[in-house]
Amino acid sequence: MPERIAPLPPDRAAALAGAYDAAVAATRRRTWAGLAGLVVLTGLAAWAAEVRPWVLATHLGRFTDYIVQILPPLTWANLPGDLAEWYWGGPKWLGLLGETLLMAYLGTLLGAIGGVLLCFSAAANVTGSRTACILVRRGLEFCRTVPEIVFALLFVIAFGLGPMVGVLALAIHSTGALGKLFSEVVENIDMRPVESLTAAGAGRIETLRFAVLPQVLSNFVSYGLLRFEINVRGAGVMGFVGAGGIGQELLVAIRNFYYADVSAILVLIILTVMAIDLGTERLRHGLLGGLR
Amino acid sequence: MTGPDPTPAEIAALRRRFPDSFRPAWRGRLLAVLALAGLAALAAYALVRLDVSGARLLAGLGRLGEFSLLMWPPETGGRAFAFLQALAETLGIAFIGTLTAALVAFPVAFLAARTVVPNPFVHFTVRRGLDVMRSVDVLIWALIWINVVGLGPFAGALAIACADVGALGKLFSEAVETADAKAGEGVSASGGTALHRIRFGLIPAVLPVLGSQVLYFFESNTRSATIIGIVGAGGIGQYLSELIRVLELRQVAFLILMILVTVALIDAVSGRLRRALIGGAAR
């Protein structure tokens, strides 16, 4: 039985409508103020970064030209021959790509080991001492804020050119990033197993091994795999500063305008990164899903 | 739990009732050992292949120790103003790059979302395009853009924008796909068109999430923008790589300190903004 809702008395309705309008107006004002702030910041940033849209507009043709130029000269009539010519450096590039992947692997592994060793000290709930906690946290922050390429630049001078430098740079940066993520995982664990093991008289190492590690291991591995993805990209450009991998070849090809080589190496890198992304995503889903 | 220790008979009874709990977990242990052995074998191969040697490591560490002594005390070398200018340039690159990427990725994300564009061909193509942009590192993008707009910070901003369109587009489209569909259904039920549905049903729901992701990317781009100068695309990286090459280590230390402080400041400000955004959404 539909029943008509009685309208509010006019003065009450007017008051409510007024309050609603005021609320909407306040939101609008805030939005406009936010937008104005954004515009001012954009202006400043554009001035600082020397943004010149007209240069982009006049030279956009160069971008498309460049893309067209790096496209390989493939023809249907002679496809295998053209492909072979496009990838004339195939074996060498594949070798360097393998080197890049190994750099990423070793860097991630060493970083993960460093992260695991340090994360318990940096986690507020299981740390040994307050001072150690603060010191380790600052150290990890330093390791992850300084970009890996900067470490690589310094290390190239200290250790000499080569992939070892890339590995060390990636390892230090990964230690910083993974140590922080790992310690956050440890801070979110269920503390009851820790308390019961401590009550049963377990030492620190035993507590960490039997109460903490089983709770955090799957998350550790998942973060480690994510880091591996990131490090594959990072290892790809380590060669720019002489720290090994395929980056050096790419830099030479781009700087010397070996157009077909640029696209050949880029395609290799893109395919590898995509394959690694897909693979690790599968693994991570399997891992987190399987243990739940 | 307190009480007397279990007698041998009780233990035997328990052993009969729960045989699995008393058996060592051979299968699990074997798998773990095999996995670890595999990881270690690959690592050993990598160590040999990348010729990592203890002697080189020790010599290098010694030199690194000398370097860190030479780094103290940090000094500007009379170039404080130039350094500050480069820092401003770095922040400008990160800001413009992130903003451009966000503005471009926003409409693209709707095309890549399965729930908005049901055509599988469209969102598959858009997604793979985004994947390609994401796979190319910022430094590579910078080299490409330098060919187009010349050396300088503008190339850096464009490079960051390109790399981030891929990453932000993917994240945005995931946010759009997981958004609650009920608000949109309500808009449709009261007679709204497809565009109304996006404007009033979807955008209010996803905007805070997208905003916080953009802020997060701004933080990470501040770090990327510090190195983009290594290939000549503006910012503080130019000074950094030059000064490392000529071993002006005190000035290098000053630059690194500047970067650390700036990144910490940006992180603090943007973390605060992010919490405000997300909190506003929850309220």
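Predicted model: local features only at pLDDT ≥ 70, side-chain atom pairs only at ≥ 80, totals over all residues.

Visitor: Which term applies to B:Leu247, and why?

Guide: B:Leu247 has 13 C-beta neighbours inside 10 Å. The limit for exposed is 12 or fewer and that for buried is 20 or more, so B:Leu247 counts as partly exposed. B:Leu247 also has a positive phi of about 60 degrees although it is not a glycine, and it is found in the loop between helix H11 (237–245) and H12 of chain B.

Visitor: Is B:Ile259 buried or exposed, and how do you know?

Guide: B:Ile259 has 23 C-beta neighbours inside 10 Å. Buried requires 20 or more, so B:Ile259 counts as buried. B:Ile259 is found in helix H12 (residues 249–282) of chain B.

Visitor: Which residues does B:Ile259 touch, not counting residues up to four places away in sequence?

Guide: B:Ile259 touches A:Thr145, B:Thr226 and B:Ile236. Contact requires C-beta atoms within 7 Å. As for B:Thr222, its C-alpha lies 9.1 Å from that of B:Ile259, and the two are 37 residues apart in sequence.

Visitor: Why is chain B called more spread out than a compact globule?

Guide: Chain B has 12 helices and 0 strands. For its 283 residues the globule rule gives 19 Å, whereas the radius of gyration is 28 Å, well over that value, so chain B is more spread out than a compact globule. Its C-alpha atoms fill a box of roughly 85 × 75 × 40 Å, taken along the principal axes.

Visitor: How many residues of chain B are in contact with chain A?

Guide: In chain B, 50 residues are in contact with 49 residues of chain A. Helix H5 (residues 80–112) of chain B gives the largest share of chain B's side, 8 residues. By class, that side has 34 nonpolar, 8 polar and 8 charged residues.

Visitor: Which peptide bond is called cis, and what is its omega?

Guide: The bond that joins B:Trp72 and B:Pro73 is cis, with omega about -5 degrees. Most peptide bonds are trans. B:Pro73 is found in the loop between helix H4 (54–70) and H5 of chain B.

Visitor: At what angle do helix H4 and helix H7 of chain A pack?

Guide: Helix H4 (residues 90–122) and helix H7 (residues 163–187) of chain A pack at an angle of about 40 degrees, with their axes 6 Å apart. The crossing of H4(A) and H7(A) is right-handed. The residues of this contact divide into 17 nonpolar, 10 polar and 1 charged.

Notes:
Residues numbered from 1 in each chain as written. Chains lettered and ligands numbered in written order. Helix = DSSP H or I, 4+ residues; strand = E, 2+ residues; numbered from the N terminus. Contact = placed C-beta atoms within 7 Å. Rg over C-alpha atoms; globule rule 2.2 N^0.38 Å. Nonpolar A, V, L, I, M, F, W, Y, C, P; charged D, E, K, R; others polar. Axes fitted to C-alpha atoms, helices over the stretch in contact; angles between N-to-C directions. Left-handed = near helix turned anticlockwise from the far one by under 90°.
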